[in-house]
Amino acid sequence: MATDFKSIPLIDISPLVEKWDDPNLAQDEGVAEVVRQLDRACREAGFFYVKGHGIRDSLVKDIRSVSRQFFHLPYEEKLKIKLSAATGYRGYQRVGENITKGVPDMHEAIDCYREVKPGMYGRLGEAMEGCNKWPSDPPNFKDLMEEYVNLCTGLSRKIMSGIALALGAPMDVFEGNRAGDPFWVFRVIGYPVVHHANGQEMPKTETDVGCGAHTDYGLLTLVNQDDDITALQACPFLTFSYYVRNSNGEWISAIPVPGTFVCNIGDMLKITNGNLIMFSPYVCFFLNDQPNFDAAIEPLDTCVQRTGGTRRFDSAVYGKHLVSKVLTNFVM
């Protein structure tokens, strides 16, 4: 149920990460405590920080470093991997090219998806066919990003197993035909600043929004923020004002916490849980853990039972939902 939460909970998920492949995971008391905290966080906010996630800090920092290097390149260099319909909507987008609810977003980005071969998903997947567009400068950009995506995808599956248990379902309910072969989405985002006459770099908060209020398309999003800038400040690239809206309409800042990811639930998880857990809009490097591209997402039986037999949301084919969003995201 929606609440007027004032802060975003922090959860140490190390017991879940360490025991994830244990067939008796659900009986472990440490895991049970993580599940209780996930249950509360999802019900009250739909957002939470995770620590103890197992992804090494050096890689997280390397990801931020090479991203800054890319966004500092001359515009003409960045355009070598320009996003277009012909690239399957993969590649670089300039500031203002992405739109949210018809309003240009004041960020630049590289958009990546699981690669799709021609005919892989029939007509449903035609718009997403293509390979990711990686820059040649920095030279280690591609290798770092692919390692990071693989690790974050694995982490997302572990967190989703905990959410499954919180919903009263088997821990593997999001595996198999639902999300055992996830069609992940990965965005590397740069938020530029404006320069005032005195030379100071300041955010143009009155008129420009880095990314408008929205919800994400899939199951779960992992957000990697800079460590050293609070949510009410901005600096060149990768740092942004990150807010979550509570039930009173108040925007709660997601202040960066070193060593953590910010997690939020997406559209597809809303369908499966039947509104048992909170679904909060937010404004904004993130990775979305998604269902299988061709998965038909329906309410889980356990959730239908807990809502008195009511199916509060219609089913949806994830790929169709994703494509409908992607095709209206850009001004090219």
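## A buried cysteine and a helix pair

C263 sits at 0% relative accessibility, so this residue counts as buried. Keep in mind that we're looking at a predicted model here. A disulfide would need the two sulfurs within 2.5 Å. Searching the whole structure turns up 0 disulfides.

Now for the helices. Packed helices get described by the angle between their axes and the distance between those axes. Here, α3 (residues 57-71) and α5 (residues 141-166) have axes that come within 10 Å and cross at roughly 135°. The pair is therefore oblique, and the crossing is left-handed.

| Helix | Contact residues |
|---|---|
| α3 | L59, D62, I63, V66, S67 and F70 |
| α5 | F141, L144, M145, E147, Y148 and L151 |

Sorted by type, the contact between α3 and α5 has 9 nonpolar residues, 1 polar and 2 charged.

Let's zoom in on L59, which belongs to helix α3. Is L59 buried or exposed? With 0% relative accessibility, L59 counts as buried. Leaving aside residues up to four places away in sequence, L59 touches L144, E147, Y148 and L151. Take E147 as an example: L59 and E147 are 88 residues apart in sequence, yet their C-alpha atoms are 8.9 Å apart in space.

Key
Residues are numbered from 1 along each chain as its sequence is written. This is a predicted model: local features need pLDDT of at least 70, side-chain atom pairs count only at pLDDT 80 or more; totals for chains, interfaces and linings use all residues. Side-chain values use heavy atoms; hydrogens and water are left out. Buried means under 20% relative accessible area, exposed over 50%, partly exposed in between (1.4 Å probe, protein chains only). Axes are lines fitted to C-alpha atoms, for helices over the stretch in contact, and angles run from 0 to 180 degrees between N-to-C directions. Helices (H or I, at least four residues) and strands (E, at least two) are DSSP runs, numbered from the N terminus. Angles under 35 degrees count as roughly parallel, over 145 as roughly antiparallel, 65 to 115 as roughly perpendicular and the rest as oblique. A crossing is left-handed if the near helix is turned anticlockwise from the far one by less than a right angle, and right-handed if clockwise. Contact means heavy atoms within 4.5 Å. Ala, Val, Leu, Ile, Met, Phe, Trp, Tyr, Cys and Pro count as nonpolar, Asp, Glu, Lys and Arg as charged, and the others, Gly among them, as polar.
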